[in-house]
Amino acid sequence: MAGKLSLSLVRGGYYASRLRKMFFPESTTKVWLYPLPTDMRKSFNGLAALVKNTLKENSLSGDLYIFVNRRLTLMKILYFDRNGYCIWYKKLEQGGFQLPKGDGEKIRLDFTQLKLILEGIDLTSVQQRKRYSHSQRLP
């Protein structure tokens, strides 16, 4: 039994909360897209250097940093989770990611837009209805 996770730990315990972070980040988590083609051979250090030197952001912030290849068939998402870097990697078997147009070297997205991109939905054809947004004021 040593070395194995019990199913209860994965379903409802500590590990479940850690697994959900990638798919349900906190509302304060920023999502940054680097829209230029990225060499997908880059791993933790190479992508963190790209975040620091090109995007001018802090890769240790816990924000999500999205990178895609030239053909828009591969995506890597880099983030720092409490004690180390994590990379989430997706390869499309058919089609390509439809990215939003931007002016600079980085585009700010929200998590909903990221989910739509991952599902293959073109953001230019999506209409978002007006919703109430409660902003907390700091004293």
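# Exercises on a predicted fold

In the protein chain, 56% of the contacts with a separation of 6 or more are between residues 24 or more positions apart. Keep in mind that this is a predicted model. Here are some exercises to work through with the structure open.

**Exercise 1. Find how many helices and strands the protein chain has, and which pattern they follow.**

Solution. Begin with the count: there are four helices and five strands. Next, walk along the sequence, and the pattern reads α-α-β-α-β-β-β-β-α. To finish the overview, look at burial and surface. Of the 139 residues, 35% count as buried. The accessible surface comes to about 10200 Å², and 51% of that belongs to carbon and sulfur atoms.

**Exercise 2. Decide whether Thr38 is buried or exposed, and list what it touches.**

Solution. First, locate the residue: Thr38 is in the loop between β1 (31-37) and α3 (44-53). Second, take its relative accessibility, which is 7%. Buried means under 20%, so Thr38 counts as buried. Third, look for its neighbours, leaving aside residues up to four places away in sequence: Thr38 touches Leu47, Leu50, Phe67, Val68 and Asn69.

**Exercise 3. Work out in which sense β3 and β4 pair, and which residue of β4 is the bridge partner of Leu78.**

Solution. Start with the strands themselves: β3 covers residues 74-80 and β4 covers residues 85-91. Their pairing is antiparallel and runs over seven bridges. Now pick out Leu78; its bridge partner in β4 is Ile87. Finally, go to the turn of this hairpin, where four residues sit between the strands and Arg82 takes a positive phi near 55°.

**Exercise 4. Describe the largest nonpolar core: which residues touch the most other members, and which element gives the largest share?**

Solution. The next step is to ask where the members come from. Two or more residues each are given by β1, β2 (64-68), β3, β5 (107-109) and α4 (111-118). The largest share, five residues, comes from α4.

**Exercise 5. Find how many salt bridges the structure holds, and which pair links distant parts of the chain.**

Solution. The general point is that side chains of opposite charge can pair when their charged atoms come close. The count here is three salt bridges. Take them in turn.

- Asp39 and Arg41 meet at 2.9 Å, N to O. Asp39 is partly exposed at 33% relative accessible area, while Arg41 is exposed at 74%.
- Glu57 and Lys106 meet at 2.4 Å, N to O. This pair links distant parts of the chain, 49 residues apart: Glu57 is in the loop between α3 and β2, and Lys106 is in the loop between β4 and β5. Glu57 counts as partly exposed at 21%, and Lys106 is partly exposed at 30%.
- Glu93 and Lys91 have their closest N and O atoms 3.9 Å apart. The cut-off is within 4 Å, so this pair counts as a salt bridge. Both Glu93 and Lys91 are exposed.

Note on methods: Residues are numbered from 1 along each chain as its sequence is written. This is a predicted model: local features need pLDDT of at least 70, side-chain atom pairs count only at pLDDT 80 or more; totals for chains, interfaces and linings use all residues. Side-chain values use heavy atoms; hydrogens and water are left out. Buried means under 20% relative accessible area, exposed over 50%, partly exposed in between (1.4 Å probe, protein chains only). Contact means heavy atoms within 4.5 Å. Accessible areas come from the Shrake-Rupley method with a 1.4 Å probe; for residues, only the protein chains shown count as cover. Two strands pair if DSSP finds at least two bridges between them. A salt bridge is a side-chain nitrogen of Lys or Arg within 4 Å of a carboxyl oxygen of Asp or Glu.
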